[in-house]
Amino acid sequence: MAELHFFTGTMDSGKSTLALQTNHNHAARGRQGRIFVTRDRAGQGRISSRLGLTHEALEVDADFDFWRHVVDSLTQGTRIDYVICDEAQFYTRDQVDQLAKIVDELQIDVFAFGILTDFRTELFPGSGRLVELADRMNVLQVEALCWCGKRATHNARTENGVMVTEGEVVVVGDVEDGEAPEPTSDADADVAYEVLCRQHHRRRLTAARAKAVSLAPEPLPFG
């Protein structure tokens, strides 16, 4: 029986790496698949891993119809045994419904990979629908770490080095690596992302801010 699988974790937890590995494992057994992605950091029509792995993929926009695409492909004689969907948090609820329909009506396995919550700690619509519909939900076991060493559970966005909790939900960027973030076309601010534990997300204490606090001069004693 085909199933809808949802693999989730914070940024930097290896979702795209697992998506590529899943495709490799199935292809190595002679199965034919389709890979879909949206807004990958490598650019349109590519799925990329921070380990340096990349693969061509079909770009998904808000108007893309998974059901129609798969049915048309099958009608034209194309074999599809499984579907890989990366960055699934950006899919619409209707698109996730289409993926579930592909599983149920066409008996094609769907493997979706995505972040669960955004930088505001709110569910992405696509991820929320996947939680509601998935046959299997898997939290990735490769734990991303907060700067303090604890398990990272939240995604933080910084603009010009300052953590923010309001703004456009979809602004593509990468996990902060200690270098100055590059400007994006979505905003005038320099946007970057960082994974934090819940405690430091609540305190808005990013790695850069924690470092600045530790280097701040201590007040001179009186007397």
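**Salt bridges and helix packing in a predicted model**

Arg-79 and Asp-81 form a salt bridge, with their closest N and O atoms 2.8 Å apart; the term denotes a side-chain nitrogen of Lys or Arg within 4 Å of a carboxyl oxygen of Asp or Glu. The model is predicted, so local features need pLDDT of at least 70 and side-chain atom pairs count only at pLDDT 80 or more, whereas totals for chains, interfaces and linings use all residues. Residues are numbered from 1 along each chain as its sequence is written, and side-chain values use heavy atoms, with hydrogens and water left out.

Asp-81 counts as buried, at 17% relative accessibility. Here buried means under 20% relative accessible area, exposed means over 50%, and partly exposed lies in between (1.4 Å probe, protein chains only). A search of the whole structure finds 9 salt bridges. Among them is the pair of Asp-118 and Arg-120, whose closest N and O atoms are 2.7 Å apart. Asp-118 is buried at 3% relative accessibility, while Arg-120 is partly exposed at 27%. Arg-120 also meets Glu-122 in a salt bridge of 3.3 Å, N to O, and Glu-122 is partly exposed at 40% relative accessibility.

Attention now turns to helix α2. Helices (H or I, at least four residues) and strands (E, at least two) are DSSP runs, numbered from the N terminus. Just after the helix, Gly-77 takes a positive phi of about 95°. Within α2, the residues Phe-66, Trp-67, Val-70, Val-71 and Ser-73 are buried. Viewed down the axis of α2, these buried residues fall within an arc of 160°, so they line one face of the helix; the arc is that of the directions from the helix axis to the C-beta atoms. The buried residues of α2 pack against β2 (33-37), β6 (82-85) and α3.

How do α2 and α3 meet, and at what angle do their axes cross? The axes of α2 (residues 66-75) and α3 (residues 93-106) come within 8 Å and cross at roughly 35°. Such axes are lines fitted to C-alpha atoms, for helices over the stretch in contact, and angles run from 0 to 180 degrees between N-to-C directions. In α2, Phe-66, Trp-67, Val-70, Val-71 and Leu-74 meet a set of α3 residues that includes Leu-99, Ile-102 and Leu-106, where contact means heavy atoms within 4.5 Å. By class, this contact of α2 with α3 has 8 nonpolar, 2 polar and 2 charged residues. Ala, Val, Leu, Ile, Met, Phe, Trp, Tyr, Cys and Pro count as nonpolar, Asp, Glu, Lys and Arg as charged, and the others, Gly among them, as polar.

Two serines complete the picture. Ser-16 sits in helix α1 (residues 15-28) and is buried, with a relative accessible area of 8%. Leaving aside neighbours within four places in sequence, Ser-16 is in contact with Ile-47, Ser-48, Ser-49, Asp-86 and Glu-87. Ser-13 lies in the loop between β1 (4-8) and α1, and is buried at 4% relative accessible area.
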